[in-house]
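This report describes a pocket and the packing of helices in one protein model. Please keep the sequence and the structure in view while reading.

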Amino acid sequence: LKNCSPGRARHTNASRRACLIARFGDIYARERLDAETLLRTYISDIEMVQRIIYIAAVESFHAAKMAYRQFKIRVRETLSLGHSGPESLEDAVLDYIVRHEDLYDVQASVNEVIRSMNINPKISFPPEIDFIVISTLIQELCRVAFSMQTLVPPLDIAFDTDGELFSETKYHRSFDSDFTAALVAYHVWPALMENDVVVVKGEAVTKR
């Protein structure tokens with residue numbers, strides 16, 4: 001994803017988009033399950049474990065998007081001093097970010113996510129353990145979320161609320177759901193969106 005020649009960010013958009021969507025699926029299938037297994041050694045309540053992982057995903061996207069906006073502002077300020085074309089300044093900024101994604105301070109985002117999780121009233125953790133135990137999952141989510149901001153249009157996760165009407169277009173039901181229930185009890189994994197269109201379904205638990 002980083003070996004992009006100057007002026008080519010938009011031309012590589014489709015291939016980068018495909019890679020990032022696949023990576024998001026890999027995180028769901030691998031790092032998410034690894035984190036779930038790890039958390040189950042500390043927490044017996046599977047609902048709490050799944051809530052923790054879901055909130056980690058949401059907070060990772062939030063932190064990565066904030067970091068991207070700040071990074072983009074710094075790049076634009078620097079490049080504007082000597083920019084003369086032929087591409088637009090915005091394209092030059094995008095090309096620079098795509099080529100230098102390794103400058104993204106992912107650890108700062110991980111720290112921000114863990115801070116946010118520590119004050120989230122919906123989740124709790126044994127006091128002797130820290131959310132840092134799932135930092136691998138958080139780090140990978142932050143990386144993919146940051147890279148998704150370089151796409152045109154960017155990819156993002158859906159906004160969700162507990163108790164919302166279950167949407168077949170946005171979610172798969174978890175195997176332990178009540179399949180006759182109309183409302184979401186809680187979310188397991190966010191849906192991936194492009195503008196207002198679902199690109200990858202999330203996962204939710206429905207109960208009466």
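H3 contributes the most to the lining of the largest pocket, with six residues. The model is predicted: local features need pLDDT of at least 70, side-chain atom pairs count only at pLDDT 80 or more, and totals for chains, interfaces and linings use all residues. Residues are numbered from 1 along each chain as its sequence is written, and side-chain values use heavy atoms, without hydrogens and water.

A pocket is an open set of points, on a 1 Å grid over the protein atoms alone, where a 1.4 Å probe fits, with protein on both sides within 12 Å along at least five of seven lines; lining residues have an atom within 4 Å of a point. The largest pocket has a volume of about 350 Å³, the space filled by probe spheres set on the points. Its lining has 17 residues, and Tyr54, Ile55, Val58, Phe159 and Asp160 lie nearest the centre. By class, seven are nonpolar, three polar and seven charged.

At least two lining residues each come from helix H3 (46-80), strand S1 (155-157) and strand S3 (184-189). Because domain 1 (6-154) and domain 2 (158-207) both give residues to the lining, the largest pocket lies between them.

Technical notes: Helix = DSSP H or I, 4+ residues; strand = E, 2+ residues; numbered from the N terminus. Nonpolar A, V, L, I, M, F, W, Y, C, P; charged D, E, K, R; others polar. Domains from an automatic or database assignment.
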